[in-house]
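User: I would like to go through this model with you, starting with the strands and then the charged pairs. Please keep the answers plain.

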Amino acid sequence: MRKTIWTTLAVILIFLTWYLVADRKTPFSGNARVKAVATQIVPQVTGTVIEVLVENGQIVSVGDLLVRIDPRPYEIDRDRAQADLEAATQEVGASSAEVSAAQAKLARAQSDLDTMRIQTERVFALEKKGLISISKADDARGQLAESEANYENAKADLEKAKQRLGDEGNENPKIQRALAALADAELNLEWTELRAPATGVISNLLIAPGTYARSGQDLLTFLDATDVWIEAYFTENNLGRATVGSPVDVVLDMHPGQIIPGKIESFSAAVSLSGGDTPGQLASPPSTKGFLREPERFPVRIILPGYEAGSAEDDLRFQLNGQADVIMYLSDNGILNAVGRTYIRLVSIFSYAY
């Protein structure tokens, strides 16, 4: 009897020692999610949707047309602005055709430049993380420089057209007002077409032709597939040895039985006690229950080399907020790492059943 008690105590002590050591050197978390940037596509103009050119779950490329809002009211506004410009220029004895064409060219160049800046910012962010080649980032810089040059050229052409009106025409307040109104009308007409800001997926599509789109209100949800990561929540005492680049193993509930190697990309420096995961607020981890005091958990961002961006051709399929299990290897201890790999293998097998 005494031997049994001592044996039991020894087993408990060994297990407790292993648990304390493993929790620092091979910490595990079942509180992890697949993450990507979810962008709400918001119209800048109000009107009736006349075309929905995408389907729910459809993969789209950057610049693809998603939705078209009835452009007729904005075409009328543009035509009215052009007529007003014509009348204003006739008052000073000049033709508005050249100025009008130059104004339209400038509006298009401005729109193209704004779109290119959004796209290249995404590329530069991926370059900083080492997720794309330098050559692709250089190509993006070249495209941005070209768009900036086109905008400057269009701006210069407009100035030349205005100067041809003469000093009186160039400074005439009626012409200045007409030019501003035409620029505003051209821009509103551009905004009747909503396009994909990057390569990604349309999610939870709930609109159809006839839907009334309101300026500034969400119309559809776009999931950016250019940057996909795993966000795992670990307790503070798990992270003492963790560093950027530390290896991890990940099991996705979407792919039970499969272990995907990854590495730590970054750490969040703070969490919110009551906020949410929204821009401008601190990360807010899901609440979990502990035996004694509930430990505070901090999000760790993990990337899976080879799967940093979503692709329909990948053997792995990602779903935003899909659940995952993560184990980190924070030392060179072969025994602990072997036990950790065995444990994550068992988790991957059990994921078939739950």
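This is a predicted model: local features need pLDDT of at least 70, side-chain atom pairs count only at pLDDT 80 or more; totals for chains, interfaces and linings use all residues.

User: How many bridges pair strand β4 with β5, and in which sense?
Analyst: Strand β4 (residues 65–69) and β5 pair over three bridges, in the antiparallel sense. Within this pairing, Val-67 stands opposite Leu-194 in β5. Strands here are DSSP runs of E with at least two residues, helices are runs of H or I with at least four residues, and both are numbered from the N terminus. Two strands pair if DSSP finds at least two bridges between them.

User: Which strands form the open sheet, and in what order?
Analyst: The open sheet has four strands in the order β5-β4-β2-β7, with antiparallel pairing. Its edge strands are β5 (193–195) and β7 (212–213), each of which pairs on one side only.

User: Where do salt bridges involve Arg-68?
Analyst: Arg-68 meets Glu-51 in a salt bridge with an N to O distance of 2.2 Å. That pair links distant parts of the chain, since Glu-51 is in strand β2 (residues 47–52) and Arg-68 is in strand β4, 17 residues apart. Arg-68 also meets Glu-193 in a salt bridge, at 3.4 Å from N to O. Because Arg-68 lies in strand β4 and Glu-193 in strand β5, this second pair ties together parts that are 125 residues apart in sequence. A salt bridge is defined as a side-chain nitrogen of Lys or Arg within 4 Å of a carboxyl oxygen of Asp or Glu.

User: Which residues make up the network there, and how many salt bridges are counted?
Analyst: The network of salt bridges links Glu-51, Arg-68, Glu-193 and Arg-195. By this rule the count comes to nine salt bridges.

User: Is Glu-51 buried, exposed or in between, and what about Glu-193?
Analyst: Glu-51 counts as partly exposed at 29% relative accessibility. Glu-193 is partly exposed as well, with a relative accessible area of 29%. Buried means under 20% relative accessible area, exposed means over 50%, and partly exposed is in between (1.4 Å probe, protein chains only).

User: How far is Lys-155 from Lys-105?
Analyst: Their C-alpha atoms are 8.6 Å apart in space, and the two residues are 50 apart in sequence. Lys-155 is found in helix α4 (residues 134–164) and is partly exposed, with a relative accessible area of 40%.

User: Back to strands: what pairs with β10?
Analyst: Strand β9 (residues 247–252) pairs with strand β10 (residues 260–267) in the antiparallel sense over four bridges. Four bridges also join β10 to strand β11 (residues 297–303), again antiparallel. Lys-263 in β10 stands opposite Pro-247, and the bridge partner of Lys-263 in β11 is Ile-303.

Technical notes: Residues are numbered from 1 along each chain as its sequence is written. Side-chain values use heavy atoms; hydrogens and water are left out.
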